[in-house]
Amino acid sequence: MATPFTSDEYADRLTRVARAAAGAGQDGLLITPGPDLAYLCGYEPPTTERLTLLVVAADREPVLVVPRLERGDAEKCPGATHLRLVDWPDGVDPYSIAAEVLHASAYAISDSAWAMHVLGLQRTAPHIAYKSMTEVLPMLRAVKGTAELDRLRGAGEAADRAFEAILTMAFAGRRELDVAADLTRLLRDFGHERVDFALVCSGPNGANPHHHAGERVIEDGDMVVLDFGGLRDGYGSDISRTVHVGEATAEELDVYDVVRVAQQAAFDAVAPGVPCEEIDRVARRIITEAGYGEQFVHRTGHGIGMSGHEPPYLVEGERQTLVPGMCFSIEPGIYLKGRFGVRIEDIVTVTESGGERFNLTTRDLAIVG
(Lines give C-alpha, C1' and ligand atoms only; values in the text may rest on other atoms or scores of the structure.)
Protein backbone atom coordinates (compact mmCIF):
# COMPACT_ATOMS: atom_id res chain seq x y z
CA MET A 1 0.00 0.00 0.00
CA ALA A 2 1.14 3.55 -0.73
CA THR A 3 2.08 5.90 2.10
CA PRO A 4 -0.96 8.12 2.88
CA PHE A 5 -0.77 11.80 2.01
CA THR A 6 -0.16 13.94 5.09
CA SER A 7 -2.26 16.70 6.59
CA ASP A 8 0.41 19.22 5.57
CA GLU A 9 0.23 18.04 1.95
CA TYR A 10 -3.51 18.71 1.92
CA ALA A 11 -2.95 22.12 3.51
CA ASP A 12 -0.46 22.98 0.76
CA ARG A 13 -2.92 21.91 -1.93
CA LEU A 14 -5.69 24.04 -0.42
CA THR A 15 -3.42 27.07 -0.32
CA ARG A 16 -2.19 26.58 -3.88
CA VAL A 17 -5.64 26.18 -5.43
CA ALA A 18 -7.02 29.18 -3.55
CA ARG A 19 -4.22 31.30 -4.98
CA ALA A 20 -4.74 29.82 -8.43
CA ALA A 21 -8.44 30.67 -8.30
CA ALA A 22 -7.66 34.25 -7.35
CA GLY A 23 -5.14 34.43 -10.17
CA ALA A 24 -7.85 33.25 -12.57
CA GLY A 25 -10.20 36.04 -11.47
CA GLN A 26 -12.38 33.95 -9.17
CA ASP A 27 -13.22 34.73 -5.56
CA GLY A 28 -13.09 31.06 -4.67
CA LEU A 29 -13.85 27.45 -5.48
CA LEU A 30 -16.85 25.26 -4.68
CA ILE A 31 -15.85 21.61 -4.53
CA THR A 32 -18.38 18.78 -4.51
CA PRO A 33 -17.74 15.04 -3.95
CA GLY A 34 -15.41 13.54 -6.52
CA PRO A 35 -11.71 13.61 -7.41
CA ASP A 36 -11.27 17.32 -6.65
CA LEU A 37 -12.58 16.91 -3.09
CA ALA A 38 -10.45 13.81 -2.51
CA TYR A 39 -7.42 15.67 -3.87
CA LEU A 40 -7.89 18.74 -1.66
CA CYS A 41 -8.73 17.14 1.68
CA GLY A 42 -8.80 13.36 1.33
CA TYR A 43 -12.54 13.16 1.92
CA GLU A 44 -14.57 10.72 -0.19
CA PRO A 45 -18.19 10.79 1.04
CA PRO A 46 -21.05 8.90 -0.56
CA THR A 47 -22.38 10.76 -3.59
CA THR A 48 -26.08 11.28 -2.82
CA GLU A 49 -28.75 13.95 -3.04
CA ARG A 50 -27.47 15.41 0.25
CA LEU A 51 -25.23 18.45 -0.29
CA THR A 52 -21.54 18.22 0.58
CA LEU A 53 -19.58 21.34 -0.41
CA LEU A 54 -16.03 22.51 0.22
CA VAL A 55 -15.67 26.30 -0.05
CA VAL A 56 -12.12 27.50 -0.71
CA ALA A 57 -11.11 31.17 -0.97
CA ALA A 58 -7.73 32.89 -0.74
CA ASP A 59 -8.67 35.20 2.12
CA ARG A 60 -10.68 32.80 4.29
CA GLU A 61 -10.39 29.51 6.14
CA PRO A 62 -11.70 26.64 3.98
CA VAL A 63 -15.19 25.51 4.99
CA LEU A 64 -16.64 22.04 4.48
CA VAL A 65 -20.44 21.94 4.50
CA VAL A 66 -21.64 18.40 5.27
CA PRO A 67 -24.84 16.55 6.19
CA ARG A 68 -24.97 16.22 9.97
CA LEU A 69 -25.21 12.43 9.77
CA GLU A 70 -21.86 12.37 7.92
CA ARG A 71 -19.99 14.87 10.11
CA GLY A 72 -18.18 12.12 12.01
CA ASP A 73 -16.69 10.73 8.82
CA ALA A 74 -15.73 14.22 7.61
CA GLU A 75 -13.92 14.92 10.87
CA LYS A 76 -11.72 11.87 10.26
CA CYS A 77 -10.51 12.85 6.79
CA PRO A 78 -6.76 13.65 6.67
CA GLY A 79 -7.29 17.28 5.67
CA ALA A 80 -9.92 18.01 8.32
CA THR A 81 -7.53 19.84 10.65
CA HIS A 82 -7.29 22.62 8.08
CA LEU A 83 -11.05 22.96 7.55
CA ARG A 84 -13.94 24.51 9.43
CA LEU A 85 -16.86 22.09 9.38
CA VAL A 86 -20.43 23.34 9.08
CA ASP A 87 -23.14 20.68 9.23
CA TRP A 88 -26.82 20.70 8.36
CA PRO A 89 -29.59 18.38 9.59
CA ASP A 90 -32.22 16.68 7.46
CA GLY A 91 -35.26 18.91 7.14
CA VAL A 92 -33.23 22.12 6.76
CA ASP A 93 -32.48 23.76 3.39
CA PRO A 94 -28.77 22.95 2.89
CA TYR A 95 -28.37 25.66 0.25
CA SER A 96 -29.30 28.34 2.77
CA ILE A 97 -26.65 26.94 5.11
CA ALA A 98 -24.10 26.94 2.29
CA ALA A 99 -25.04 30.47 1.20
CA GLU A 100 -24.07 31.76 4.65
CA VAL A 101 -20.42 30.89 4.01
CA LEU A 102 -20.31 32.29 0.47
CA HIS A 103 -18.90 35.80 0.92
CA ALA A 104 -18.09 36.66 -2.67
CA SER A 105 -19.62 36.94 -6.12
CA ALA A 106 -17.62 34.66 -8.45
CA TYR A 107 -16.91 30.98 -7.84
CA ALA A 108 -15.65 28.11 -9.95
CA ILE A 109 -17.57 24.91 -9.21
CA SER A 110 -16.63 21.26 -9.68
CA ASP A 111 -17.59 19.76 -13.01
CA SER A 112 -18.96 16.80 -11.07
CA ALA A 113 -21.50 18.93 -9.18
CA TRP A 114 -25.05 17.67 -9.58
CA ALA A 115 -27.40 20.00 -11.45
CA MET A 116 -29.81 20.02 -8.47
CA HIS A 117 -27.01 21.36 -6.25
CA VAL A 118 -25.94 24.05 -8.72
CA LEU A 119 -29.56 25.15 -9.17
CA GLY A 120 -30.10 25.13 -5.40
CA LEU A 121 -27.11 27.41 -4.89
CA GLN A 122 -28.27 29.70 -7.69
CA ARG A 123 -31.70 29.94 -6.08
CA THR A 124 -30.40 30.87 -2.62
CA ALA A 125 -27.41 32.96 -3.75
CA PRO A 126 -28.52 34.50 -7.07
CA HIS A 127 -25.89 37.26 -6.87
CA ILE A 128 -23.09 34.74 -7.42
CA ALA A 129 -21.69 33.88 -10.86
CA TYR A 130 -20.61 30.27 -11.34
CA LYS A 131 -18.10 28.88 -13.81
CA SER A 132 -16.94 25.35 -14.60
CA MET A 133 -13.79 24.30 -12.75
CA THR A 134 -12.28 22.97 -15.99
CA GLU A 135 -12.92 26.31 -17.68
CA VAL A 136 -11.24 28.28 -14.90
CA LEU A 137 -8.55 25.89 -13.63
CA PRO A 138 -8.13 23.12 -16.22
CA MET A 139 -4.71 22.15 -14.83
CA LEU A 140 -5.88 21.94 -11.18
CA ARG A 141 -4.62 18.35 -10.73
CA ALA A 142 -2.56 18.00 -13.90
CA VAL A 143 0.96 18.32 -12.46
CA LYS A 144 1.65 15.43 -10.10
CA GLY A 145 3.96 15.42 -7.11
CA THR A 146 6.48 12.68 -6.37
CA ALA A 147 4.09 10.59 -4.27
CA GLU A 148 1.39 10.83 -6.94
CA LEU A 149 3.85 9.75 -9.64
CA ASP A 150 4.81 6.75 -7.54
CA ARG A 151 1.16 5.71 -7.31
CA LEU A 152 0.65 6.09 -11.04
CA ARG A 153 3.84 4.15 -11.68
CA GLY A 154 2.56 1.36 -9.43
CA ALA A 155 -0.80 1.30 -11.19
CA GLY A 156 0.96 1.02 -14.55
CA GLU A 157 3.13 -1.83 -13.33
CA ALA A 158 0.06 -3.69 -12.07
CA ALA A 159 -1.65 -3.27 -15.45
CA ASP A 160 1.49 -4.60 -17.15
CA ARG A 161 1.41 -7.69 -14.96
CA ALA A 162 -2.25 -8.25 -15.80
CA PHE A 163 -1.45 -8.07 -19.52
CA GLU A 164 1.45 -10.47 -19.22
CA ALA A 165 -0.78 -12.91 -17.34
CA ILE A 166 -3.63 -12.72 -19.86
CA LEU A 167 -1.20 -13.69 -22.64
CA THR A 168 -0.87 -17.14 -21.06
CA MET A 169 -4.63 -17.78 -21.24
CA ALA A 170 -6.82 -19.07 -24.05
CA PHE A 171 -8.56 -16.62 -26.37
CA ALA A 172 -9.91 -18.74 -29.24
CA GLY A 173 -13.28 -20.34 -28.56
CA ARG A 174 -14.09 -18.08 -25.62
CA ARG A 175 -16.44 -15.10 -25.44
CA GLU A 176 -15.12 -11.57 -25.16
CA LEU A 177 -16.93 -11.44 -21.82
CA ASP A 178 -14.86 -14.37 -20.53
CA VAL A 179 -11.55 -12.69 -21.35
CA ALA A 180 -12.83 -9.42 -19.87
CA ALA A 181 -13.67 -11.26 -16.65
CA ASP A 182 -10.12 -12.61 -16.55
CA LEU A 183 -8.68 -9.11 -17.02
CA THR A 184 -10.91 -7.73 -14.26
CA ARG A 185 -9.80 -10.46 -11.86
CA LEU A 186 -6.14 -10.00 -12.76
CA LEU A 187 -6.24 -6.24 -12.15
CA ARG A 188 -7.67 -6.92 -8.69
CA ASP A 189 -5.12 -9.68 -8.07
CA PHE A 190 -2.35 -7.18 -8.78
CA GLY A 191 -3.65 -4.55 -6.38
CA HIS A 192 -6.41 -2.54 -8.04
CA GLU A 193 -9.17 -1.61 -5.62
CA ARG A 194 -11.41 -0.62 -8.51
CA VAL A 195 -11.65 -1.82 -12.12
CA ASP A 196 -13.26 0.81 -14.33
CA PHE A 197 -13.18 -0.98 -17.68
CA ALA A 198 -11.96 -4.14 -19.38
CA LEU A 199 -12.64 -3.80 -23.10
CA VAL A 200 -12.12 -6.88 -25.26
CA CYS A 201 -12.74 -6.03 -28.91
CA SER A 202 -12.28 -9.00 -31.22
CA GLY A 203 -12.30 -9.18 -35.01
CA PRO A 204 -14.67 -6.60 -36.49
CA ASN A 205 -15.52 -5.33 -32.99
CA GLY A 206 -11.96 -4.00 -32.83
CA ALA A 207 -12.95 -1.31 -35.31
CA ASN A 208 -15.13 0.26 -32.58
CA PRO A 209 -12.71 2.03 -30.19
CA HIS A 210 -15.15 1.82 -27.24
CA HIS A 211 -16.71 -1.56 -27.92
CA HIS A 212 -17.64 -3.28 -24.66
CA ALA A 213 -17.00 -6.97 -24.30
CA GLY A 214 -19.94 -9.01 -25.51
CA GLU A 215 -21.12 -12.45 -26.47
CA ARG A 216 -18.98 -12.75 -29.59
CA VAL A 217 -16.80 -15.87 -29.54
CA ILE A 218 -13.19 -15.07 -30.38
CA GLU A 219 -11.96 -16.98 -33.43
CA ASP A 220 -8.63 -18.09 -34.80
CA GLY A 221 -7.35 -15.32 -37.07
CA ASP A 222 -8.87 -12.48 -35.00
CA MET A 223 -7.06 -9.30 -34.10
CA VAL A 224 -8.13 -8.43 -30.52
CA VAL A 225 -7.86 -4.99 -28.94
CA LEU A 226 -7.55 -5.05 -25.14
CA ASP A 227 -8.10 -1.80 -23.21
CA PHE A 228 -8.32 -2.02 -19.43
CA GLY A 229 -7.65 -0.09 -16.24
CA GLY A 230 -8.92 1.23 -12.96
CA LEU A 231 -7.64 2.62 -9.66
CA ARG A 232 -4.78 1.38 -7.53
CA ASP A 233 -4.05 3.37 -4.36
CA GLY A 234 -6.46 5.98 -5.67
CA TYR A 235 -4.64 6.60 -8.97
CA GLY A 236 -5.41 5.31 -12.42
CA SER A 237 -4.10 2.77 -14.86
CA ASP A 238 -5.11 2.65 -18.52
CA ILE A 239 -3.37 0.41 -21.04
CA SER A 240 -4.22 -0.83 -24.52
CA ARG A 241 -2.53 -3.68 -26.31
CA THR A 242 -3.56 -5.47 -29.50
CA VAL A 243 -2.96 -9.21 -29.80
CA HIS A 244 -3.58 -11.71 -32.57
CA VAL A 245 -5.09 -15.19 -32.35
CA GLY A 246 -2.75 -17.30 -34.44
CA GLU A 247 -0.58 -15.97 -37.24
CA ALA A 248 -1.35 -12.49 -38.60
CA THR A 249 -1.66 -11.58 -42.28
CA ALA A 250 0.75 -9.25 -44.04
CA GLU A 251 -1.87 -6.49 -44.05
CA GLU A 252 -2.55 -6.88 -40.33
CA LEU A 253 1.16 -6.73 -39.57
CA ASP A 254 1.51 -3.61 -41.72
CA VAL A 255 -1.35 -1.79 -39.96
CA TYR A 256 0.00 -2.83 -36.60
CA ASP A 257 3.46 -1.52 -37.45
CA VAL A 258 2.07 1.87 -38.53
CA VAL A 259 0.39 2.27 -35.13
CA ARG A 260 3.48 1.07 -33.29
CA VAL A 261 5.71 3.56 -35.11
CA ALA A 262 3.21 6.40 -34.54
CA GLN A 263 2.99 5.60 -30.82
CA GLN A 264 6.76 5.55 -30.46
CA ALA A 265 7.19 8.81 -32.38
CA ALA A 266 4.57 10.53 -30.21
CA PHE A 267 6.38 9.34 -27.08
CA ASP A 268 9.72 10.53 -28.45
CA ALA A 269 8.18 14.00 -28.98
CA VAL A 270 7.28 14.41 -25.27
CA ALA A 271 9.34 17.16 -23.62
CA PRO A 272 8.73 20.20 -21.41
CA GLY A 273 7.41 23.16 -23.37
CA VAL A 274 5.94 21.13 -26.23
CA PRO A 275 2.27 21.98 -26.91
CA CYS A 276 -0.15 19.11 -26.23
CA GLU A 277 -1.47 19.35 -29.78
CA GLU A 278 1.99 18.65 -31.18
CA ILE A 279 2.00 15.13 -29.72
CA ASP A 280 -1.29 14.48 -31.52
CA ARG A 281 0.11 15.93 -34.74
CA VAL A 282 3.17 13.68 -34.64
CA ALA A 283 1.15 10.48 -34.31
CA ARG A 284 -1.52 11.60 -36.79
CA ARG A 285 1.02 12.60 -39.42
CA ILE A 286 2.54 9.13 -39.51
CA ILE A 287 -0.83 7.40 -39.70
CA THR A 288 -2.08 9.80 -42.37
CA GLU A 289 1.03 9.38 -44.50
CA ALA A 290 0.49 5.62 -44.37
CA GLY A 291 -2.99 6.14 -45.84
CA TYR A 292 -5.06 5.57 -42.69
CA GLY A 293 -5.75 9.14 -41.55
CA GLU A 294 -9.53 8.74 -41.85
CA GLN A 295 -9.34 5.59 -39.73
CA PHE A 296 -7.70 7.35 -36.77
CA VAL A 297 -10.91 8.67 -35.23
CA HIS A 298 -9.98 9.93 -31.76
CA ARG A 299 -7.47 12.17 -30.00
CA THR A 300 -4.02 10.79 -29.24
CA GLY A 301 -4.35 10.98 -25.48
CA HIS A 302 -5.91 12.20 -22.26
CA GLY A 303 -4.64 13.12 -18.83
CA ILE A 304 -4.89 10.64 -15.98
CA GLY A 305 -4.57 10.77 -12.22
CA MET A 306 -7.34 10.37 -9.67
CA SER A 307 -9.66 10.33 -12.70
CA GLY A 308 -9.27 8.08 -15.72
CA HIS A 309 -9.80 11.07 -18.02
CA GLU A 310 -8.74 14.57 -17.01
CA PRO A 311 -6.74 17.46 -18.50
CA PRO A 312 -4.47 17.76 -20.36
CA TYR A 313 -5.81 16.34 -23.62
CA LEU A 314 -3.52 15.57 -26.56
CA VAL A 315 -5.65 16.88 -29.38
CA GLU A 316 -5.51 19.50 -32.12
CA GLY A 317 -6.28 22.93 -30.68
CA GLU A 318 -4.90 22.21 -27.18
CA ARG A 319 -2.04 24.70 -26.87
CA GLN A 320 -1.28 24.00 -23.23
CA THR A 321 2.42 23.18 -23.05
CA LEU A 322 3.75 20.07 -21.36
CA VAL A 323 5.15 20.53 -17.85
CA PRO A 324 7.20 18.03 -15.82
CA GLY A 325 4.83 15.95 -13.72
CA MET A 326 1.96 15.92 -16.22
CA CYS A 327 0.66 12.40 -16.91
CA PHE A 328 -1.36 11.25 -19.91
CA SER A 329 -2.01 8.41 -22.31
CA ILE A 330 -0.49 8.09 -25.76
CA GLU A 331 -2.84 5.84 -27.72
CA PRO A 332 -3.02 6.17 -31.51
CA GLY A 333 -5.15 3.66 -33.35
CA ILE A 334 -6.39 2.54 -36.76
CA TYR A 335 -9.93 1.16 -37.14
CA LEU A 336 -10.99 -0.62 -40.34
CA LYS A 337 -14.77 -0.87 -40.24
CA GLY A 338 -16.14 -4.39 -40.37
CA ARG A 339 -12.66 -5.92 -40.26
CA PHE A 340 -10.35 -5.16 -37.34
CA GLY A 341 -8.71 -2.45 -35.27
CA VAL A 342 -5.32 -1.75 -33.69
CA ARG A 343 -4.53 0.46 -30.70
CA ILE A 344 -1.39 0.70 -28.56
CA GLU A 345 -1.55 2.76 -25.36
CA ASP A 346 0.85 3.63 -22.57
CA ILE A 347 0.61 6.09 -19.70
CA VAL A 348 3.44 8.60 -19.86
CA THR A 349 4.73 11.36 -17.59
CA VAL A 350 6.76 14.40 -18.59
CA THR A 351 10.24 14.57 -17.08
CA GLU A 352 12.78 17.40 -17.08
CA SER A 353 14.35 15.99 -20.23
CA GLY A 354 11.60 14.09 -22.05
CA GLY A 355 9.11 11.40 -21.11
CA GLU A 356 8.84 8.28 -18.97
CA ARG A 357 6.49 5.39 -19.68
CA PHE A 358 4.53 3.82 -16.84
CA ASN A 359 3.73 0.80 -19.04
CA LEU A 360 6.81 -1.20 -19.94
CA THR A 361 5.35 -4.44 -21.29
CA THR A 362 6.06 -5.27 -24.92
CA ARG A 363 4.53 -3.22 -27.70
CA ASP A 364 5.29 -5.91 -30.28
CA LEU A 365 2.32 -7.84 -31.61
CA ALA A 366 1.71 -10.76 -29.24
CA ILE A 367 0.39 -14.02 -30.66
CA VAL A 368 -2.14 -15.83 -28.44
CA GLY A 369 -3.95 -19.13 -28.72
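Helices (H or I, at least four residues) and strands (E, at least two) are DSSP runs, numbered from the N terminus. The exercises below use these element names, and they concern a predicted model.

**Exercise 1. Determine in which element Asp-346 lies, whether Asp-346 is buried or exposed, and which residues it touches.**

Step 1. Asp-346 belongs to strand β16, which covers residues 346-350.

Step 2. The relative accessibility of Asp-346 is 0%. Buried means under 20% relative accessible area, so Asp-346 counts as buried.

Step 3. With neighbours within four places in sequence left aside, Asp-346 is in contact with Arg-241, Gln-263, Phe-328, Ser-329, Ile-330, Arg-357, Asn-359 and Arg-363.

Step 4. A separation in sequence can also be set beside one in space. Asp-346 and Val-143 are 203 residues apart in sequence, and their C-alpha atoms are 18 Å apart.

**Exercise 2. Classify the orientation of helices α9 and α10, and describe their contact.**

Step 1. Helix α9 spans residues 250-268 and helix α10 spans residues 276-289; their axes come within 8 Å and cross at roughly 155°.

Step 2. Angles over 145 degrees count as roughly antiparallel. The two helices, α9 and α10, are therefore roughly antiparallel to each other.

Step 3. The crossing in which α9 passes α10 is right-handed.

Step 4. On the α9 side the contact involves Val-258, Val-261, Ala-262, Ala-265 and Ala-266, which meet Ile-279, Val-282, Ala-283, Ile-286 and Ile-287 of α10. Sorted by class, this contact of α9 with α10 has ten nonpolar residues, no polar residues and no charged residues.

**Exercise 3. Carry out the classification for helices α7 and α8, and identify the residue classes in their contact.**

Step 1. Helix α7 covers residues 146-166. It packs with helix α8 (residues 176-189) at an angle of about 140°, the axes being 9 Å apart.

Step 2. Roughly antiparallel requires an angle over 145 degrees, and roughly perpendicular covers 65 to 115.

Step 3. The handedness of the crossing of α7 and α8 is right-handed.

Step 4. From α7, the contact takes Ala-159, Ala-162, Ala-165 and Ile-166; from α8, Val-179, Asp-182, Leu-183, Leu-186 and Leu-187. Eight of the residues in this contact of α7 with α8 are nonpolar, none is polar and one is charged.

**Exercise 4. Describe the surroundings of Ala-155.**

Step 1. Ala-155 is located in helix α7, and its relative accessible area of 0% makes it buried.

Step 2. Apart from neighbours within four places in sequence, its contacts are His-192, Arg-232, Tyr-235, Gly-236 and Ser-237.

Step 3. One of these residues, His-192, is 37 residues from Ala-155 in sequence, with a C-alpha to C-alpha distance of 7.5 Å.

**Exercise 5. Identify the largest nonpolar core and the elements that contribute to it.**

Step 1. The largest nonpolar core has 36 residues, and Leu-29, Tyr-43, Leu-54 and Leu-64 have the most contacts inside it.

Step 2. Two or more residues of this core come from each of α1 (7-23), β1 (28-31), α2 (35-41), β2 (53-57), β3 (63-67), α6 (133-136) and α7 (146-166).

Step 3. Another core, of 30 residues, lies apart from the largest one; Met-223, Phe-267, Ala-283 and Val-348 are among its members.

**Exercise 6. Locate a cis peptide bond and a residue other than glycine with a positive phi.**

Step 1. Most residues other than glycine have a negative phi, and most peptide bonds are trans.

Step 2. The peptide bond that joins Pro-311 and Pro-312 is cis, with omega about 5°. Pro-312 lies in strand β12, residues 310-314.

Step 3. Asp-233 has a positive phi, near 55°. Asp-233 is in the loop between β8 (223-232) and β9 (235-236), and at 14% relative accessibility it counts as buried.

Step 4. Gly-234 is found in the loop between β8 and β9 as well. With a relative accessible area of 23%, Gly-234 is partly exposed. Neighbours within four places in sequence aside, Gly-234 is in contact with Glu-193, Gly-305 and Met-306.

Definitions and conventions: Residues numbered from 1 in each chain as written. Predicted model: local features only at pLDDT ≥ 70, side-chain atom pairs only at ≥ 80, totals over all residues. Heavy atoms only, no water. Axes fitted to C-alpha atoms, helices over the stretch in contact; angles between N-to-C directions. Parallel < 35°, antiparallel > 145°, perpendicular 65-115°, else oblique. Left-handed = near helix turned anticlockwise from the far one by under 90°. Contact = heavy atoms within 4.5 Å. Nonpolar A, V, L, I, M, F, W, Y, C, P; charged D, E, K, R; others polar. Core = buried A, V, L, I, M, F, W, Y, C linked by side-chain atoms within 4.5 Å. Buried < 20%, exposed > 50% of the residue type's maximum accessible area, 1.4 Å probe, protein only.
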